[in-house]
Amino acid sequence: MVRDPVKAAFGDDEDLYDVAEWDARSALDRLSVGIYGGLRASFHVLLIVLALVLFVVQLSFAALLVADQPRLGVLALASAVPALLLVWFVWYRDPTRSEPLSAMAITFVLSILFASFAAVINGVGQAVFGAIPVVGMLLFFFLVVGPIEETVKWLAIRVYAYKDDAFNTVVDGAVYGAVAGLGFAFIENAIYVIQGFTNAAQAGGVQQLQVAAMTATGRALVGPGHVLYSAFAGYYLGLAKFNPDDWGPIVVKGLLIAALIHATYNSLVTYLPRILPVWNLLVLLAFVAVFDGVVGYALYRKIVRYQDYYDRADAAERTEAARAATED
């Protein structure tokens, strides 16, 4: 760490306030501290308020439709069950399992709200990249969808849970990341289910609820992916929290991993049907099982490795405590 030469030479013996050191002493100092703290806090508040406004604007019609057709809400909930089971597994593998329900619930809600940012940006990006032949969607997935969706899920962790005292191990980040992925998957699934229902009405002669149910079934395959991607980003956010000197690069690494896996999945399910001679629900199910299985195993290995070290540290601490008690 580089130190100012004056501070290095006289820091222990001289009062270097406003020369090479600083602390809040005067009224202006305290005012500056207050303004800075207020700006930091207001940024998060403004972020949430903006997300809430966008969420209401985007989903007001959908909310009215669900109120009129409650079965759509049930289908949306059902489509998120596989993702929920995966979240439970990630939480179960956390050796501490100490995350408070309140922090996880807030992360879930924030992820739903922040999804509105992704919806706006994705809409603009799709219009731009969709005009590019052949590789347009590939670029869209890698430059827009992957980075943006993983960033908004990451924000859902960073705004609240990250600062909670219960976020006290690296692997806690994977748990909150998984929860953020669940929130994003739930609202995304709900939107697709509602769109399937309304599009069927426009087509005519089709059972709307049947189409919505088929959409929910397809979306159930997508949800676990969101959980896995953001669990990776969350894991590296946890790693960054306890390695503050390298916070930025570690966070970027986590987001890059999540975004690349996400974009790769989207690209494959978009382009493979155009290449393979057969592509149906069974083929899609097999593909998702293999893809998510590989990604899930990589995440599992990270968590298990951490758990092994955690158990060893815990055992060493118990041994030391027992030795100290014996000596006393």
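Helix axes here are lines fitted to C-alpha atoms over the stretch in contact, and the angles between N-to-C directions run from 0 to 180 degrees. This is a predicted model, in which local features need pLDDT of at least 70, side-chain atom pairs count only at pLDDT 80 or more, and totals for chains, interfaces and linings use all residues. Residues are numbered from 1 along each chain as its sequence is written, and side-chain values use heavy atoms, leaving out hydrogens and water.

**View A. Helix 3 packs against helix 8.** Helix 3 (residues 70-79) and helix 8 (residues 208-220) pack at about 20 degrees, with axes 8 Å apart; helices are DSSP runs of H or I, at least four residues, numbered from the N terminus. The two are therefore roughly parallel (angles under 35 degrees). Their crossing is right-handed, the near helix being turned clockwise from the far one by less than a right angle.

**View C. The largest nonpolar core.** Among its 66 residues, Phe 114 and Tyr 176 touch the most other members. Such a core joins buried Ala, Val, Leu, Ile, Met, Phe, Trp, Tyr and Cys residues through side-chain atoms within 4.5 Å, buried being under 20% relative accessible area with a 1.4 Å probe, protein chains only. Helix 7 (172-203) gives the most to this core, 11 residues.

**View D. Around Phe 114.** Leaving aside residues up to four places away in sequence, Phe 114 touches Leu 47, Ile 48, Ala 51, Val 152, Leu 155, Ala 156 and Val 159.

Conventions
Buried < 20%, exposed > 50% of the residue type's maximum accessible area, 1.4 Å probe, protein only. Contact = heavy atoms within 4.5 Å. Parallel < 35°, antiparallel > 145°, perpendicular 65-115°, else oblique.
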